[in-house]
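Work through the exercises below with the sequence and the model at hand. Each task is followed by a solution in steps.

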Amino acid sequence: MTNSSLPKTDCLTAAMLTVGQSRTERLRFTRDQVDTYCALTGDANAIHRDLEAARRRFPGVTDIVVPGGLIQSTISGIFGTRFPGDGALGLTFVPERFRKPVLPDEEVVVNFEITRIKGPIIELEMTVTDTRGTRLTSATAKVLAPDPAYRDWWEQQTQR
């Protein structure tokens, strides 16, 4: 049974990918997403809900701060939906510290590049920038790409 309300996904096996291949995604987070994330994870840090707290920690900010974990988990979601896609499993995700805070409704650009493929394991380097190209953070990840049998199943499901 398929659920037509699920987002469209991709499903790329390691054999379909190449070192140097890249993808760019644009992300934006709302205050509602920040509130939901904090409620689900128990993150009660005041900088994520109180402007005064955010300003005391980061002078000059104009809004609360988007949790780094929300950004990281959204990036991990890209692994399992679009690059490499459905059936992929995140193995490791090692981010650097954010160089400046991300605020609600600010767009960030995530660039993914495959740096190594070893069997079904894809290694990626990611850079997160603001829309002016200023680097906010980077990360490395290892992802287990879906295998050909899973891709065959996925193709049958998407043709329904």
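The exercises go from the overall fold to the core and then to the aromatic rings.

This is a predicted model, in which local features need pLDDT of at least 70, side-chain atom pairs count only at pLDDT 80 or more, and totals for chains, interfaces and linings use all residues. Residues are numbered from 1 along each chain as its sequence is written, and side-chain values use heavy atoms, with hydrogens and water left out.

**Exercise 1. List the secondary structure elements of the protein in order.**

Step 1. Helices (H or I, at least four residues) and strands (E, at least two) are DSSP runs, numbered from the N terminus.
Step 2. The protein has four helices and five strands.
Step 3. Read from the N terminus, their order is β-α-α-α-β-β-β-β-α.

**Exercise 2. Locate Thr81 and decide whether it is buried or exposed.**

Step 1. Thr81 sits in the loop between α3 (68-79) and β2 (89-95).
Step 2. Buried means under 20% relative accessible area, exposed over 50%, and partly exposed in between (1.4 Å probe, protein chains only).
Step 3. The relative accessible area of Thr81 is 19%, so Thr81 is buried.
Step 4. Leaving aside residues up to four places away in sequence, Thr81 is in contact (heavy atoms within 4.5 Å) with Thr9, Asp10 and Asp86.

**Exercise 3. Describe the largest nonpolar core.**

Step 1. A nonpolar core is a set of buried Ala, Val, Leu, Ile, Met, Phe, Trp, Tyr and Cys residues joined through side-chain atoms within 4.5 Å.
Step 2. The largest one has 32 residues, and Ile75, Phe79, Phe83, Phe112 and Leu124 have the most contacts inside it.
Step 3. At least two residues each come from α1 (31-41), α3, β3 (107-118), β4 (121-130) and β5 (135-144).
Step 4. The largest share, five residues, is supplied by α3.
Step 5. A second, separate core has six residues, among them Ile47 and Val65.

**Exercise 4. Classify the aromatic pairs that Phe79 forms with Phe93 and with Phe112.**

Step 1. Rings of Phe, Tyr and Trp (its six-membered ring) pair if their centres lie within 6.5 Å; planes under 30 degrees apart count as stacked, over 60 as edge-to-face and the rest as tilted.
Step 2. Phe79 and Phe93 are 6.3 Å apart centre to centre with 55° between the planes, a tilted pair.
Step 3. This pair joins helix α3 to strand β2, across 14 residues.
Step 4. For Phe79 and Phe112 the centres are 6.0 Å apart and the planes are at 70°, so this pair is edge-to-face.
Step 5. Phe79 is buried at 3% relative accessible area, Phe112 is buried at 1%, and Phe93 is partly exposed at 22%.
Step 6. Phe79, Phe83, Phe93 and Phe112 make up one aromatic cluster.
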